[in-house]
Amino acid sequence: MRNFLEQVKDQFTADKLTRESVVKLSDQLDEPGWLVERRLGAFDLFDKLDLPDPKGEEWRYTDVRRFDFDRFEAPVPTSSTPALTDDLVAKGVVVADFNSAARQHQDLLREHFFTEVPVDEHKFTALHGAFLSDGILLYVPPGVEIDVPLEVWRNVEGGGSTFPHTTVVVDEQAVVTFVDRFKSDDYAAASLCASVVEIEARRGATVNYISLQEWGRNVHHFQTQRFTGYRDSTVRSLAVNLGSAFSRAQVESVLKGEGSFSEMLGLYFADSNQHFAQRTLQSHDAEHTTSDLLYKGALKERSRSEYSGLIKVSKGAQGTDAYQANRNIVLSEDAVARSIPQLEIEANEVRCTHGATVAPVEEEHIFYLMSRGIDRVTAQKLVVFGFFGDVLDRIRLGNVRDELAQAIALKVEGEQSLEVAS
Amino acid sequence: MTDAMLQIEDLHVEVEGREILRGVNLTINKGEIHAIMGPNGSGKSTLAYVLTGRPGYEVTQGRVLYQGDDILDLAPDERAKKGIFLAFQYPTEVPGVSVVNFLRTAYNAVHPDEQKSAMAFRMYLQEKIDLLEIPTELVDRYVNQGFSGGEKKRNEILQMAVLGPQLAVMDETDSGLDIDALKHVSAGVNKLAGPDVGIVLITHYQRLLNYIRPHYVHVLMAGRIVKSGGFELAERLEAEGYAGIGKEMGLSEEDLAEVQDKEGAKV
């Protein structure tokens, strides 16, 4: 029994990320018992797990040991599902938010949620498992080709938190493009987002997945994306990081089926005191699999970025062809970019190439352009565009490419006066 | 007020604390072609760079008037907008930036009242390409990347044609070119010369001057113009080398030794 004072206090204090809040959230959503249990199990894990250690390879240079969860209010459940045409519904395509999936597509949900990304991976996936608040389940039946990209918009309020989840299952020979957009206003109060993306491409399927992180300036984002490719499948991903105060993106492609292919593109541009940490994995677990990774980033002012990428080739994954490149261009002396490529190869017939560069904008280039009448900022813009050119050229969605070109231009031009505490 | 386009008065320039130009005086009027000849290390390229405002070149004395205004405080892009152009000795490679995009951006910056759309600019560019007989595919490549020496120099002339400067400084435009490329590049410069344009040809050898005839020839040695004259001065230099003139002009033993050293057996 709570005493009167505690009850009054409850009314005036917003719910924090507590066990009680988990129960309350699940109540609000009127979830079945097994889901409540799962959430609480995840919360207990969250409680038990330590914050990741920066000494470990995966969180190297990203010290979150003093990350304070008490700053954030518990999430408000939202639903942001894209609309389907009648034609697609008739073909058996399923798009459901987490809540309705829990009622109408329980089997799909139980089969696919958290299968690729287990909740116990680290403290943030556990917290995500407890508070999942904006989940989407997309299932594309065999042979169905969806030619219009499906898009969802994620949002968070100042001081709040959100836990978006994207599960995409693309059955044999099916084709889909999915865009996750993370966008909010700039708030003075810090917000938290811990998102999980799980994508399964079955035999011969093609999935294009784009995540656009354009959060407001005081959001802390922990992203975990995992793609699993079965025989002869193609997964193309693009991970964009432009917004937020801090963003850590873990993007993993697991090639489980013979002949599967994964393209992994990354584009980031950090300014002011933004901090982006990126960890990629290209895991080759079957014969004749191909991965092609290109992550490119620009940094200005006092921003920081870390990239660490692992190519892992299992024993028996003969005929693997893996490529990994991380390139950084630094626009100010105070910005720091780190890049750490790693290889772990157990097969013997493989071709693996990797490379990393961190280089300043060449003053020589700027002078040459300026000597033709181009002002310094425009010259920088040309050079930075030139730098991002090969990534932009590989983005198949014209509107996304144009948006990014604009965002890059604004980043070069803009002087970030807004400093946020990290 | 004279109708001089460029007046360089007692110009002293230091690079990394070392005085390279030690009092250069030169006046260029509209429509004139001047050749500045000199041995290696005499300060020719320094003069070219200081006119365009390259960082790292510190003017310690003197002034440079362009159309009556001192330009030494202007940034490189502001000078270009006033009509000053440098054809680089070693044109810079700029990865990922196409020539056509670069040139349109530059054109629109230099001609704010005559902005050209991508389409209109393309047509304008094609006229210049035809005029200079340059392979069209060059402009869709990245600026100077993978260009041969000749292509780089042609690209410089194309840029000059596109921007239409009033004062063009050509820094060793002949260096590294075979005779065919030299003829081609020279023909381009001659097409762009005219009564409203002032041209400064910076060169070590007389060779270029057989194709672009200068009105005046100046000899730059040890950071000063030591002698000026007509075309016959270039011929004399070709025959006698730089040391003879240096001695005649009373250069110090030290400066002469430097010329000797840098020029090697050629003196």
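The paragraphs below lead through a predicted model with two chains, A and B, beginning with chain B and ending where the parts meet. Residues are numbered from 1 along each chain as its sequence is written, while chains are lettered from A and ligands numbered from 1 in the order in which they are written. Because the model is predicted, local features need pLDDT of at least 70 and side-chain atom pairs count only at pLDDT 80 or more, whereas totals for chains, interfaces and linings use all residues.

Chain B contains nine helices and ten strands, where helices (H or I, at least four residues) and strands (E, at least two) are DSSP runs numbered from the N terminus. Its C-alpha atoms fill a box of roughly 60 × 40 × 35 Å along the principal axes. A compact globule of 267 residues would have a radius of gyration near 18 Å, and the 19 Å of chain B agrees with this; the radius is taken over C-alpha atoms, and the globule rule is 2.2 Å times the number of residues to the power 0.38. Of the 267 residues, 44% count as buried, a term that requires 20 or more other C-beta atoms within 10 Å of the residue's own, with exposed meaning 12 or fewer, partly exposed lying in between, and C-beta atoms placed from the backbone. Among contacts in chain B between residues at least 6 apart in sequence, 71% join residues at least 24 apart, a contact being a pair whose C-beta atoms, placed from the backbone, lie within 7 Å.

E1(B) and E2(B) form a hairpin with two residues between them, and Glu16(B) in the turn has a positive phi of about 50°. E1(B) is also joined by eight bridges to strand E4 (residues 57-66) of chain B, again running antiparallel, and here Gln7(B) stands opposite Leu65(B).

An open sheet of chain B is formed by six strands in the order E6-E7-E8-E3-E9-E10, with mixed pairing. Strand E6 (84-87) and strand E10 (224-229) stand at its edges, each with a single partner strand, so one side of each is left without a neighbour in the sheet. Neighbouring strands of this sheet are turned by 20° against each other on average, direction ignored. Inside the sheet, five bridges join E7 (residues 167-171) to E8 (residues 198-203), which run parallel, and Ala168(B) has Ile199(B) as its bridge partner. H5(B) packs on the sheet, touching E6 and E7 of chain B, and its direction makes about 170° with that of E6(B); axes are lines fitted to C-alpha atoms, for helices over the stretch in contact, and angles run from 0 to 180 degrees between N-to-C directions.

The loop between E7 and helix H6 (179-192) of chain B holds Glu172(B), whose phi is near 45°, a positive value in a residue other than glycine. Most residues other than glycine have a negative phi. Glu172(B) counts as buried because 21 other C-beta atoms lie within 10 Å.

Turning to chain A, a domain assignment, whose bounds come from an automatic or database source, gives domain 1 (14-360) and domain 2 (362-413). The centres of the two domains, taken over C-alpha atoms, are separated by 28 Å, and their contact takes 16 residues from domain 1 and 15 residues from domain 2. On the side of domain 1, strands E8 (206-214), E10 (234-241), E12 (261-270) and E14 (290-299) of chain A each supply at least two residues.

Helix H8 (residues 363-370) of chain A is mostly covered, six of its eight residues being buried, among them Ile366(A), Phe367(A) and Leu369(A). These buried residues of H8(A) pack against helix H9 (376-393) of chain A together with H2 and H3 of chain B.

The contact of the two chains takes 21 residues from chain B and 19 residues from chain A. On the side of chain B, helix H2 (76-81), helix H3 (99-110) and helix H5 (149-163) each supply at least two residues, and H3(B) gives the most, with five. By class, this side has 13 nonpolar, five polar and three charged residues, where Ala, Val, Leu, Ile, Met, Phe, Trp, Tyr, Cys and Pro count as nonpolar, Asp, Glu, Lys and Arg as charged, and the others, Gly among them, as polar.

Technical notes: Pairing = 2+ DSSP bridges.
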